[in-house]
Amino acid sequence: MEIVKTDIAIIGAGGAGLRAAIALAEADPKLRIALISKVYPMRSHTCAAEGGAAGVIKSDDSMALHFGDTVGGGDWLSDQDAVEYFIQEAPKELTQLEHWGCPWSREPDGSVAVRPFGGMKIKRTWFAADKSGFHILHTLFQTSLKYPSIQRFDEYYATDLLVEDGRCQGLTALEIRSGQMKQFQAKAVIIAAGGGGKMFPFTTNGNIKTGDGMALAYRAGTPLKDMEFVQYHPTGLPNNGILLTEGCRGEGGVLFNKDGRRYLQDYGMGPETPIGQPVLKTMELGPRDRLSQAFWGEQKKGNTVSTPWGDCVLLDMRHLGEKKIDERLPLVRDLCISYLGKDPVKEPIPIRPVVHYMMGGIHTDTRAATRLPGLFAAGECACVSINGANRLGSNSLTELLVFGKRAALSAIEHIQSGLPDGKGAALAAQAQASEARISALMNKSNGTETIAGLRKEMMDTMETNVGIYRTGSELATACDKISELRQRYANIALHDKTHVYNTDLMQALELGSMLDCAEAVTVGARDRKESRGAHQRLDFTERDDVNLLKHTLTHYHPTDPPRVEYLDVVITQSQPGVRDYSGAKK
Amino acid sequence: MSERQIQLEVLRYNPETDSEPRYQTYSVPCMNEWVVLDALNYVKEHLDPTLSYRWSCHMAVCGSCGMMINGEPKLACKAFIHEYTDQIRVDPMANFPIERDLVTSVEDFIAKLASVKPYLIPKEDKPISAGEFKQTPAELKKFKQYTLCINCMLCYAACPQYGLVPEFLGPAAISMAHRYNQDSRDGGRDQRQEVIATDTGVWECSFVGACSEVCPKHVDPAGALQQVKVASTIDWYKEHLMPWMKK
């Protein structure tokens, strides 16, 4: 097996991975950097983020306000030391992107423009029309081309981490083009491989979002955190789950039920605000969890609109006018016309909540370090946690940058701490075991399960039992079912036994990742007997700060369900309070 | 949401088992609102797990699923079934080597993109603490269109010149150079001109304009190339006929 020797390996080349790579290259041009991704960097799902990135820049804003919005938005499950670091670094990182050429939208005087976003008390979301993630990703990718020390391994699928002497020392990865396994020897590894929303059938997530990075760390023995917190974005196209950015509401779009009522006022987010004059942090500018929960309430009351794609509510942007829609929301207009045949300039758009983001992920501290020495993580695959029980829109793009860079700096500190040389033979033995595992999967001839079949059962289970509102009995069913699917996964059969671009094999490996992550989601949700942020239980309707102001940590077991541990939330300045999104006092 | 039976004729090629490419036809029950990518996913899920192709976002922004659909370069996620008859042929992108089935090699494009220095080379150094560079909406508008390239490479598949002369830098790479050249914050044009104002650069373009026709993001690379030609010509005159003038 070919061995690639590097100093720091990064798994994932989206926003966080690219930011980490650039930070490493800038810190020390002599560092050898291996940037490993299962897709070319510009295909990473960062490209699909639309609305923008939050960072305090304007004179009417303050760090304290961004802190308060984020911690309250997260229903006090955020670690406040992490949030403090995050908001301090945010403006620097967004300015850095500007210096690298990111085409941020501008005010008439040439300064960077900001727009309102849900749950934010002040306009602080930097945006590049409604293609913010796309521009961030391409700016980072193109900037990364400046640095010869960033060696890219595009279309390599990481299969296992190599852990020896209690620290992470590299990984194995499959070169998809050839089917050859490579061993990467590294002094530190950064995982920046995104979330796993594809475990659900109706999601804004791209096909590549299969939780591979989370599963890699999890299987290597470092825990996942708060996986039960899954964010539903309130405004997805009903036929295929395509995202319509929160910027639609930030710019003034409003939500109606079938009777033309601005129903959010019936869910603690009123009183109704005048159309065309959005008020921050209330009504349509409430947080995502509350808006998605309000949809569920309307559906139960029979107030939704029936469409061929299921129950919907209506997002009305007509009053914004064609000029503003084309300037601020051109992609949204294009997506609505192309994929739904409806023009938001002319008619309201039917929408419904859609799985969008995982607040949970690989347990990291404020240094982006996992519990496994030498292993760091950043971006959606990680859980620092700044997002707590509910992420505010536009905090995640900033998080990629802040913690992507932080992971790089921490990895450098780790390798400068005087590490002994790796034991080559032991690492090689592990790499061979990984290769043998993949070969066995490929060559098995007596498998009875199909990838598509198991995947569908997993998705149906998650959709039916682990949605916006949850119950103990449904979650118990989901736990049993996912556990069963993990057992049955051992019996899958591959049809494709060849080596070049074997996407049958890729899908099998991705399904394995999703099942591992899905079990952490279901077990975490079953055991969290309270309602907080995006985790709402019909059988435990209140937040329980006495017993559950804690993070869930799930520890992997190869055959059994995970072991669950709880960890206190870090509180530095804000005690849990009431999340008030009513507009009465404003 | 009516359903139609589509005959999907797909080019297959596996270098390990096939001596040459062949077509395989799948009968796919398609919803009228589907895109061709949905039909391919149906094949992969229900009919033939060995079919290989790239895709991810399903919303025409990641640029993965470029292919030839009835001979035209298209994103499979934005090629609507209702715009086609019941017989649809799918080939890998023209002008690129086939790796397998609908997967083509991207390496040549990536190398060309990197060669034009597609990153900001600032006019002036400015520390982060000094804040952002000012840029008015009008200055932004000068290059914004060229930032919209998703690197899907459909313009290369459409470009007759790239088909004939593989060394040609091609529409997307030159457009990206032009994007940075036009950015009010940038001072790197001279460095990029060395790469793009050459025989394998902009002068290879014969202005057929196919690149702009197929661009799913309306970047108009043909327009960018013409602007680069005009600017390069002015450079030449300044240098040769008016040597007392600075470029």
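In which sense do β3(B) and strand β5 (residues 87-91) of chain B pair, and over how many bridges? Keep that in mind as you load the model, which is a predicted one. Its scores are ipTM 0.97 and pTM 0.98. For chain B, the mean pLDDT is 95, and 98% of the residues reach 70 or more.

**Stop 1: the sheet in chain B**

Select residues 66-69 and 87-91 of chain B to settle the opening question. β3(B) and β5(B) pair in the antiparallel sense, over 2 bridges. For one pair to click on, take B:M68: its bridge partner in β5(B) is B:D91.

Now widen the selection to the whole sheet. It is an open sheet of 5 strands in the order β2-β1-β5-β3-β4 (chain B), and the pairing is mixed. At its edges you will find β2 (22-31) and β4 of chain B; each has a single partner strand, so one side of each is left without a neighbour in the sheet. Turn the view and compare strand directions: on average, neighbouring strands of this sheet are turned by 35 degrees against each other, direction ignored.

**Stop 2**

Colour chain B by domain: the assignment gives domain 1 (3-104) and domain 2 (107-240). The C-alpha centres of domain 1 of chain B and domain 2 of chain B lie 30 Å apart. Their contact takes 11 residues from domain 1 of chain B and 12 residues from domain 2 of chain B. On the domain 1 side, look again at two strands from the sheet: β3 (66-69) and β4 (72-75) of chain B each supply at least two residues. That side of domain 1 divides into 7 nonpolar, 3 polar and 1 charged residues.

**Stop 3: where the chains meet**

Show both chains together. The contact takes 46 residues from chain A and 45 residues from chain B. On chain A, select α3 (80-99), α4 (132-144), α9 (330-340), α12 (451-465) and α14 (503-527), the elements that give two or more residues to the side touching chain B. Of these, α3(A) gives the most, with 5 residues. Colour this side of chain A by residue type and you will see 19 nonpolar, 19 polar and 8 charged.

**Stop 4: a strand inside chain A**

Hide chain B and select strand β10 (residues 180-185) of chain A. Is this strand largely enclosed or open? Of its 6 residues, 5 are buried, so β10(A) is largely enclosed by the rest of the structure.

Strand β1 (residues 2-5) of chain A pairs with β10(A) in the parallel sense over 4 bridges; here A:K5 has A:Q185 as its bridge partner. Strand β9 (residues 167-175) of chain A also pairs with β10(A), in the antiparallel sense over 6 bridges. In that pairing, the bridge partner of A:T172 is A:Q183. The hairpin of β9(A) and β10(A) has 4 residues between the strands, and A:G179 takes a positive phi near 80 degrees there.

**Stop 5: another sheet in chain A**

Finish with an open sheet of 3 strands, ordered β4-β6-β5 (chain A), whose pairing is antiparallel. The edge strands, β4 (53-54) and β5 (114-115) of chain A, each pair on one side only. Zoom in on β5(A) and strand β6 (residues 125-126) of chain A, which pair over 2 bridges. A:R115 has A:T125 of β6(A) as its bridge partner.

Conventions
Residues numbered from 1 in each chain as written. Chains lettered and ligands numbered in written order. Predicted model: local features only at pLDDT ≥ 70, side-chain atom pairs only at ≥ 80, totals over all residues. pLDDT = per-residue confidence, 0-100. Domains from an automatic or database assignment. Contact = placed C-beta atoms within 7 Å. Nonpolar A, V, L, I, M, F, W, Y, C, P; charged D, E, K, R; others polar. Pairing = 2+ DSSP bridges. Axes fitted to C-alpha atoms, helices over the stretch in contact; angles between N-to-C directions. Buried ≥ 20, exposed ≤ 12 C-beta atoms within 10 Å, placed from the backbone.
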